[in-house]
Amino acid sequence: MNLILCDKNCTHQKDGYCSLDTMTPLTASKADGCYYYSSIADAEKPQACRQEEGVHAGIQNA
């Protein structure tokens, strides 16, 4: 068991530690070197809103 300190607003953060215990797909976000960071705010949004934001982000980045 690894104890990885985490103070981010991440879905995997529990009581100041990373609770991720299995490999998951890498996220597009990198927070302080963590490729598994997943914002709690994003997780609480309905799936349709996240997909729509991705479409808008793709248009802006094009």
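1. Lys 8 is partly exposed, at 28% relative accessibility. The classes here are buried (under 20% relative accessible area), exposed (over 50%) and partly exposed (in between), with a 1.4 Å probe and protein chains only. Note that this is a predicted model: local features need pLDDT of at least 70, side-chain atom pairs count only at pLDDT 80 or more, and totals for chains, interfaces and linings use all residues. Residues are numbered from 1 along each chain as its sequence is written, and side-chain values use heavy atoms, with hydrogens and water left out.

2. Lys 8 has a salt-bridge partner, Asp 7. Their side chains meet at 3.5 Å, N to O. The term requires a side-chain nitrogen of Lys or Arg within 4 Å of a carboxyl oxygen of Asp or Glu. Asp 7 counts as exposed, with 66% relative accessibility. A search of the whole structure finds one salt bridge.

3. Overall layout: the protein chain has two helices and two strands. Their order along the sequence is β-β-α-α. These elements are DSSP runs numbered from the N terminus: helices are H or I with at least four residues, strands are E with at least two.

4. Tyr 17 lies in strand E2, residues 17–18. Its relative accessible area is 36%, hence partly exposed.

5. Ser 39 deserves a look. It sits in the loop between E2 and helix H1 (40–44). At 14% relative accessibility, Ser 39 is buried. Its side chain reaches the backbone nitrogen of Ala 41 at 3.2 Å. Neighbours within four places in sequence aside, Ser 39 is in contact with Asn 9 and Thr 11. Contact means heavy atoms within 4.5 Å.

6. Now the chain totals. Of the 62 residues in the protein chain, 10% are buried. The chain exposes about 5,100 Å². Carbon and sulfur atoms supply 56% of that area. Areas come from the Shrake-Rupley method with a 1.4 Å probe; for residues, only the protein chains shown count as cover.

Conventions. Polar contact = N/O pair within 3.5 Å; in protein donor to acceptor, adjacent residues only side chain to side chain.
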